[in-house]
Amino acid sequence: MAQPKRDHGGGLDAAAARYGGARADWIDLSTGINPVPYPVADIPDDAWTALPDATAQQALIRAAKSFWHVPDGAAILAAPGASSLIARIPALRPPGTVDIPAPTYNEHAAAFTAEGWQVSDQNPTARVVVHPNNPTGDWQDGETGGHDLQVIDESFCDVAPDRSLICRATTPGTLILKSFGKFWGLAGLRLGFAIGDPTLIDQLSQRLGPWPVAGPALILGRRALTDPDWANATRQRLTADAARLDTRMTGAGAQLAGGTSLFRLYRVDHAQHWQDRLAKAHIWTRIFPYSDNLIRLGLPAPDQWARIEAAL
């Protein structure tokens, strides 16, 4: 079976090679990563030099349970990024048919296909929903519908924690995924979480092996997850900045088509032309192989707005 195309945001090196300029000259709006990251304070030397210890791992898990209000009876696992979990989940069940409503984040279909699954909504034994969806921003119901395996990807849900389906984490066969890099803006830290069925969590843990999360990630993750004031202020700023971007884009002729407060999806007359025009100003955006008129923009950092507005 052919592998689904794994198109992603990013790729500034290729953009610079095509349109000119050094990597540092570019503004990358092709991802949905918070452009104002959680502050990286001093990291103890032994976080870099020693193997991650159990105390630090347990402290991170306690912080995650509290932050996401993980219900009793659900287990939680920290991993080196949500993508590492996505790649391993299909092997937790024998290959069958998985329902992955499209369009959505393409790594899910790629991971299941690589393990011999067929992607179809006809009599599926597994289902994946992205909540909110990437790139449309649609919120899902998360119902299992009798599936043997249910994955709820909440990588972008921290912008609206009241919409989380974390209460489903105690449903047998269910895994809820959390991405640290998006909301906290530290994608390079590579930290993600799986929450749900203890049996599945144990199987994932065995596949990840010992010390799956680096020492600095354990420390920064715990700090961030125990800092609700930063999280609340960040949600307010993201909401305001998303509205500002909508105003600029619609004023330039785009129509809002969806998104979250970490990324916005617009309908335009010709997506490739829009990407080319912004790229000539060294602003990189995201377009999609399945649509000629959809373009997605992340949010700029506070000192980048003047360049965005001038380019539009």
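In what order do the four strands of the open antiparallel sheet lie? Select E9, E10, E13 and E12 and follow them in that order, E9-E10-E13-E12, which is the order of this sheet; strands here are DSSP runs of E with at least two residues, helices are runs of H or I with at least four residues, both numbered from the N terminus, and two strands count as paired if DSSP finds at least two bridges between them.

Before going on, note that this is a predicted model, in which local features need pLDDT of at least 70 and side-chain atom pairs count only at pLDDT 80 or more, while totals for chains, interfaces and linings use all residues. Residues are numbered from 1 along each chain as its sequence is written, and side-chain values use heavy atoms, with hydrogens and water left out.

The edges of the four-stranded sheet are E9 and E12 (286–287), each of which pairs on one side only. Next, select E10 together with E13 (residues 294–298): five bridges join these antiparallel strands, and Leu 265 stands opposite Arg 296 in E13.

**The mixed sheet**

Move to the seven-stranded open sheet, whose order is E2-E8-E7-E6-E5-E3-E4 and whose pairing is mixed. Its edge strands are E2 (75–79) and E4 (118–119), each pairing on one side only. Select E5 (residues 126–130) and E6 (residues 149–153), which run parallel and are joined by five bridges; the partner of Arg 127 in E6 is Gln 150. Helix H5 (residues 107–114) can be shown next, lying across E3 (97–99), E4, E5, E6 and E7 (174–179) at about 160 degrees to E5.

In the loop between E4 and E5, pick Asn 123, which has a positive phi of about 50 degrees although it is not a glycine. Then go to the loop between E5 and E6, where Pro 132 is placed and where Pro 135 also lies. The peptide bond from His 131 to Pro 132 is cis, with omega near 0 degrees, and the bond from Asn 134 to Pro 135 is cis as well, with omega near 25 degrees.

**Between the domains**

Colour the chain by domain: an automatic or database domain assignment gives domain 1 (12–37 + 229–311) and domain 2 (45–226), with C-alpha centres 26 Å apart. The two domains bury about 1,500 Å² between them, 69% of it on carbon and sulfur atoms, where buried area is the accessible area (1.4 Å probe) that two parts lose on being put together, summed over both. In domain 1, select Ile 33, Arg 235 and Phe 263, which lose the most area to domain 2 and together make up 31% of what that side buries. Between the domains the count of salt bridges (a side-chain nitrogen of Lys or Arg within 4 Å of a carboxyl oxygen of Asp or Glu) is zero.

**A last stop**

Which residue meets Asp 276 in a salt bridge? Select Arg 18, whose side chain meets that of Asp 276 at 4.0 Å, N to O; Asp 276 is in H10 (residues 271–279) and Arg 18 in H1 (residues 12–19), 258 residues apart.

Definitions and conventions:
Contact = heavy atoms within 4.5 Å. Axes fitted to C-alpha atoms, helices over the stretch in contact; angles between N-to-C directions.
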